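Here is a short briefing to read alongside the model. Please keep the viewer open as you go through the points.

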Amino acid sequence: MLKKDLMMRNPLRAVSDENGYILPEGGLGAVVARAGVGKTALLVQLSLNSLLKGDNALHISLGDPVRKVSLWYKEVFNNIGVQYQVEKIDDLWNELLPQRFIMTFNIDGFSVPRLNERLTELADQNIFHPQMILIDGLPFNEEIKRTDLHALKELSEKFKSHIWFTVRSHRHEEPDSDGMPIQIGKFADLLDVVVKLEPEESNIKLNVLKGSGAISSQHLSLDPATMLIKE
Amino acid sequence: MSIEINKIRNIGISAHIDSGKTTLTERILFYTQRIHAIHDVKGKDGVGATMDSMELEKERGITIASAATFCEWDNHEINIIDTPGHVDFTIEVERSLRVLDGAILVLCSVGGVQSQSITVDQQMKRYKVPCIAFVNKCDRSGANPERVIEQLREKLGHNAIAMQLPIGLEAEHEGVVDLATMKATYFDGDNGEILRVAEIPAELQELAETKREELIEEASNFCDELADAFLEEREISNEMIMSAMRKGVLSRSVTPVYMGSAYKNKGVQPLLDASVALLPDPSEVSNTALDLNNNETSLELGNSNSDPTVALAFKLEDGQYGQLTYIRVYQGNLAKGNTLINTRNGKKIKIGRLVQMHANQMEDIEAISAGYIGALFGIDCASGDTFADPKLNYSMTSMFVPNPVISLAIIPKDNKAQINMSKALNRFSKEDPTFRTFVDDETNETIIEGMGELHLEVYVERMRREYNAEVTTGQPRVAYRETITKRAEFNYTHKKQTGGSGQFGRVAGYMEPFSEGEFDFINKITGGSIPTQFISSCEKGFKAGLKKGALMEFPVTGIRVEINDGAAHSVDSSEMAFQAAARGAFQEAYKKAKPVIHEPIMKVVIETPTEFQGTVMGTINQRRGTILGAQEEGPMCVIESQVPLAEMFGYSTVLRSSTQGKAQFTMEFANYRQVPQSITEELQKKKAEEGKKGAA
């Protein structure tokens, strides 16, 4: 099975626009969940979705080393291989690898200007131009300010890309009055899509808290065994 | 060797070239009375420093192979592993670091933290070796230990804290003030062997008090009792400070800094005191082995003499009495007459003569206890072999040995060089399982194979230096391979009728790509169309085809062959005929099966200061490399990438020049991947040119 077939059978296709994007160009999206529910797994699938489309994806992890992030990709990709019976999965993986770039920072060492500097350097040297940026582990509850999100939006626009974040919520916290998780309530107007992962009895539901178009009426969930998205 | 384990220290002295590491070791041996005279490193007096036992080391004034030596200080037994400071010999360094429990990081008070200190420090970090620092050469003009401490913090990210203050610097360097005892120490006598402890000079009193406060504040992070005493302004003893600092050192949370000038015989004895007081004993370090009976799962070893023995041979040396094997015992007791198993090959070994080494001299001993380092005579083994009790099947290092990815032809200059070269090759292939050698049947040249350009260069240089084998080398060659990409049928008849008995054999079946191994042969012949006695000849014939692919004459891998039909003749069929038929069938199908060339891809990990991150990524990009990721860790950045080996020749020079020598890289084999079409064409063109040259 080739890339195209895999794309056709990808459940994320149902929630994307005609060009295959969930977010508008320069847009920001957030995946909210408690620890261990599947934020990173979903993020990796969003990334693989854009890799299969031929786009470049930059995965930024705050805290985890490159090796661990790579392992996530390998694991999710192998599961996709098994689920969709992809032959020669290693060859396909080798084909996708140059389109993916992992960058990791210590949480203290990360700042938007620093990221901008790194990305500009990569683009200037023609090493890497991301169409999709994924940021895993941004500390939304403490240090993130509105100005940071504004700066990230500018960055996303500058590179004509889309940015997805993971946001960690906590069991004991009540949502805001409009139903938004407390961590992103004050930033909700800056985000185009907010998806909350909610564990149910036999699967993990993708609950769209904010978003318009196809995403707003989706019925997707994560399979807790493989962490793959299913319809 | 009945000493308690807490009185043992296995330490390394790590530093970049020229920071005076060997001089420091020489002084340590002098003060611990292992040697009775001091020699210069550069060998002006024709003797050379004791630790640098190899000729090349004496000549260049650098240490390449790490010798282990033993000394006693303050009722403690110290084994010193002299580690090479040159970045190109990191295999040796890493092997040494595997056996150390703690290290002294030597820095030059003038040069400070240089790129090679960064390399050495990163290696220590990788192996989680606790360390203390020694700022050497305080007698040199421009000496500034304070700045070196600052650099340790900024450039290496160490939590460095001064344990001493220098009394005078440059030509006026006289001694040190100990901030824990608040006493001054001077080094009298011709060789600084007489310690004179005195009051702190008045002009340093105030500074010493401030520095002591800084030290206590830091140390109190590791000991609540000390923290309380500090807050309540109670008296704080030397022991309290040292015990807190020891906890910090063991957890790699703090780096105490000592200072002096080894060359001028100052500050060495306090450093020895500190090594004993602050660095861990073998029981405080956890060591792991791999259980070979359980899929190489890692398990922690005990430290007791009563456990079944596990020991690692970490270095081999050719001595006048045969092979000397340096060994570290991790658990159990290794005594004369014991029988152990070499877990690499399952061979039994009987322990004969045991010695304790002092560079080139040795002392006979009866046993080596857990945590101890010694040497064995008369044992045939390779470097990195594990000796274990017959009950255990443990290995200290992974048994996985990757296949070589690069080769080089070596040509001896004359007959004498030929003999020496053979000796050297025999030794090196024992020392290093990734280094291999063979004679090419076609060209009759001796070929050496290894894991990278630098890897082979080091051995060629050692061949010249240690074995006096004058050799010239050919161009390095990448180990390309061929494989097929689709299934293809064959039906080949080998028939010859030219006088005498004829030859007849027909084989039919198919070949297809095979990802699980190099070659798979399936016999599906029914009804005896090929008689059973000729099936193995068919397999042989196909295997012969694997040696050279029809595309570019590279070895062929990843093929499954199935034979399902054939024909034989009652008189003319023979083993030879079926081998020839299978060879013909292979050639027939191979061309149809769309063969491609695969090249070795290396995992290249580069550690660079962040300011060179972009430049370094550029160099990877230019080499058809794929950057997997970049990891920022404080001032340093680690870039992981995959690059074709063919593009990595000369990379160390490029990396050094583009990062002012501040970046370093490691390279290991990752996998084989198909060569892009444009590169295949280039290779074919090159081969055609070589063919023309050969014909001319």
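Strand β17(B) pairs with strand β23 (residues 386–388) of chain B in the antiparallel sense, over 2 bridges. Strands count as paired if DSSP finds at least two bridges between them, and elements are DSSP runs numbered from the N terminus, with helices being H or I of at least four residues and strands E of at least two. This is a predicted model, in which local features need pLDDT of at least 70 and side-chain atom pairs count only at pLDDT 80 or more, while totals for chains, interfaces and linings use all residues. Residues are numbered from 1 along each chain as its sequence is written, and chains are lettered from A and ligands numbered from 1 in the order in which they are written.

**Around β17(B)**
- Opposite B:Ile341 you will find B:Ala388 in β23(B).
- Strand β17 (residues 339–342) also runs antiparallel to strand β18 (residues 347–350) of chain B, joined by 4 bridges.
- In that pairing, B:Asn342 faces B:Lys347 of β18(B).
- The two strands β17(B) and β18(B) make a hairpin with 4 residues between them, and B:Gly346 in the turn has a positive phi of about 75°.

**Where chains A and B meet**
- Contacts link 18 residues of chain A with 14 residues of chain B; a contact means C-beta atoms, placed from the backbone, within 7 Å.
- On the chain A side, α3 (66–83), β3 (100–105) and α5 (112–124) each give two or more residues.
- The most comes from β3(A), with 5 residues.
- By class, this side of chain A has 11 nonpolar, 6 polar and 1 charged residues; Ala, Val, Leu, Ile, Met, Phe, Trp, Tyr, Cys and Pro count as nonpolar, Asp, Glu, Lys and Arg as charged, and the others, Gly among them, as polar.
- β3(A) also runs parallel to strand β36 (residues 626–633) of chain B, with 3 bridges joining them.
- There, A:Thr104 has B:Gln631 as its bridge partner.

**Helix α5(B)**
- B:Pro145, B:Val148, B:Ile149 and B:Leu152 are buried in helix α5 (residues 145–154) of chain B; buried means 20 or more other C-beta atoms within 10 Å of a residue's own, exposed 12 or fewer, and partly exposed in between, with C-beta atoms placed from the backbone.
- These residues lie on the same side of α5(B) because they cover an arc of only 100° around the axis, taken from the directions from the helix axis to the C-beta atoms.
- They pack against β4 (102–108), β5 (131–136), β6 (160–162), β7 (164–167) and β11 (255–259) of chain B.

- Most residues other than glycine have a negative phi.
- B:Lys594, in the loop between α13 (575–592) and β35 (595–609) of chain B, has a positive phi of about 50°.
- B:Lys594 counts as partly exposed, with 14 C-beta neighbours inside 10 Å.
- B:Arg624 has a phi near 60° and sits in the loop between α14 (613–622) and β36 of chain B.
- B:Arg624 is partly exposed too, with 17 C-beta neighbours inside 10 Å.

**Nonpolar cores**
- The largest nonpolar core has 106 residues, of which A:Val31, A:Leu134 and A:Ile184 touch the most other members; such a core is a set of buried Ala, Val, Leu, Ile, Met, Phe, Trp, Tyr and Cys residues joined through C-beta atoms within 7 Å.
- Helix α2 (residues 39–52) of chain A gives the most to this core, with 8 residues.

Terms used: Contact = placed C-beta atoms within 7 Å.
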